[in-house]
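Trainee: I would like to learn how to read a structure like this one, feature by feature. Can we go through it together?

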Amino acid sequence: MSARDGWNLISKAYQNNIRVSLEDVHYGPASPGEREMKLLGNVEGKDVLEIGCGGGHNTIVLAKWGARSTGLDISEEQLKHAERLAHEHKVAVQFHLGNMEQMEMFPDANFDIVLSSCAIGYSENIERTFHEAFRVLRRGGAFVFCVVHPFRNRGRAIRYSGRKLWGIGNYFDRRRRTWIWRFGDVVAKFYGYHRTMQDYFNALTSAGFVVEGLFEPEPYPLKKMTAEEKRMIPYYWEGAEKEYEIRKRVPFILLFKARKPLACNSAV
Ligand SMILES: C[S@@+](CC[C@H](N)C(=O)[O-])C[C@H]1O[C@@H](n2cnc3c(N)ncnc32)[C@H](O)[C@@H]1O
């Protein structure tokens, strides 16, 4: 099924199974968020767009931090959750239904920051997505996004010489991969796309971005944390705890910071 149908199907169960903070922008499950990574700078008064905003948590946090905040997602059900959450928290944000590869609802040079967390891995065509992110950004604007790390996308836990290791079958196999999401009786199968680090880097520079930083954040030390401390994690998910031994050895998240140059040849 398409990502849109898949997310519509699992949205409710997914939102019930994760715990995402409304106090920090998150960069994936059990990973340090914006308060620690400091990639966005002061967002107060800035026009910020989150692409693949899902249940709207990051979009809402940005509005709470003083940004004029907009979220875009392809799933109606995810956006319903986002609208409800924004209403509950009395936060003014705009949500749009649409595809990050084709953001014709936004004029050129409309935002200071484009953000995305764990959503670009579902984009069929990252060249188009990055081109669109570049187009809607103002000159000097930042594009910050994270995806599931390609070492995780193409690997699985194995036992070797009595040790539990992470084995990568074929890092260069770029065929799309079916994700099976299962929450009790709710099961959805839809595609995610594997790209190597080189693919992300080159797609960014081809779109016109300058890459300022690449991060592979280590997870919070979940095993040493109290329940109270875990409640402060920007995105807590039990699955991350179960895989902790792997996560502390192999990166789960790949995070980029790129910038649209002040001086560039592009028309926008
Ligand atoms: C794992 S969720 C992440 C949501 C949110 N960023 C968060 O971190 O909570 C991925 C989201 O990407 C959205 N998505 C997938 N493909 C998309 C596309 N082509 N354009 C816009 N949104 C898309 C899905 O509907 C889903 O809500």
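Trainee: What is the phi of Gly208, the residue that follows helix 7?

Mentor: Helices (H or I, at least four residues) and strands (E, at least two) are DSSP runs, numbered from the N terminus. Gly208, which follows helix 7, has a positive phi, near 115°. This is a predicted model, in which local features need pLDDT of at least 70 and side-chain atom pairs count only at pLDDT 80 or more, while totals for chains, interfaces and linings use all residues. Residues are numbered from 1 along each chain as its sequence is written.

Trainee: Which residues of helix 7 are buried, and which are exposed?

Mentor: A residue is buried if 20 or more other C-beta atoms lie within 10 Å of its own, exposed if 12 or fewer, and partly exposed in between, with C-beta atoms placed from the backbone. In helix 7 (residues 197-207) the buried ones are Tyr200, Leu204 and Ala207. Seen down the helix axis, these fall within an arc of 70°, so they line one face of helix 7. The arc is that of the directions from the helix axis to the C-beta atoms. An α-helix has 3.6 residues a turn, so residues three or four places apart point the same way. Gln198, Thr205 and Ser206 are exposed on the other side of helix 7.

Trainee: What do the buried residues of helix 7 pack against?

Mentor: Packing is read from contacts: two residues are in contact if their C-beta atoms, placed from the backbone, lie within 7 Å. For helix 7, the partners of the buried residues are helix 5 (126-136), strand 11 (210-215) and strand 13 (253-259).

Trainee: How many residues of helix 3 are buried?

Mentor: Seven of the eight residues of helix 3 (residues 57-64) are buried, so this helix is largely enclosed by the rest of the structure. They are His57, Asn58, Thr59, Ile60, Val61, Leu62 and Ala63. Their cover includes strand 1 (19-20), strand 2 (47-51), strand 3, helix 4 and strand 5. Just after helix 3, Gly66 has a positive phi of about 100°.

Trainee: Which residues have the most contacts inside the largest nonpolar core?

Mentor: A nonpolar core is a set of buried Ala, Val, Leu, Ile, Met, Phe, Trp, Tyr and Cys residues joined through C-beta atoms within 7 Å. The largest one here has 56 residues, and Val48, Ile113, Val114, Ala133, Phe143 and Phe145 have the most contacts inside it. Strand 6 (residues 137-148) gives the largest share of this core, seven residues. Leaving out residues up to four places away in sequence, Phe143 touches Val114, Ala133, Leu137, Phe209 and Ala258. Apart from this core lies another, of six residues, among them Val20, Ile233, Tyr235 and Ala240.

Trainee: How many bridges join strand 7 to strand 8?

Mentor: Two strands pair if DSSP finds at least two bridges between them. Strand 7 (residues 155-160) and strand 8 (residues 163-168) run antiparallel and are joined by six bridges. Tyr160 stands opposite Arg163 in strand 8. This hairpin has two residues between its strands, and Ser161 takes a positive phi near 50°. Of the six residues of strand 7, the number buried is zero, so strand 7 lies largely in the open.

Trainee: Which residue in the turn between strand 9 and strand 10 has a positive phi?

Mentor: That is Gly184, at about 60°, in a hairpin with two residues between the strands. Strand 9 (residues 177-183) and strand 10 (residues 186-192) pair in the antiparallel sense over seven bridges. Phe183 is opposite Val186 in strand 10.

Trainee: Where is Lys90 found?

Mentor: Lys90 is in the loop between helix 4 (76-88) and strand 4 (94-97). Although not a glycine, Lys90 has a positive phi of about 55°. Lys90 counts as exposed because 7 C-beta neighbours lie inside 10 Å.

Trainee: Which residues are closest to the ligand?

Mentor: A residue is near a molecule if its C-beta atom, placed from the backbone, lies within 6 Å of it. Here 21 residues surround the ligand, and the closest are Trp7, Gly52, Gly54, Ser75 and Ala119. Helix 1 (3-17) and strand 3 (68-73) each supply at least two residues of this shell.
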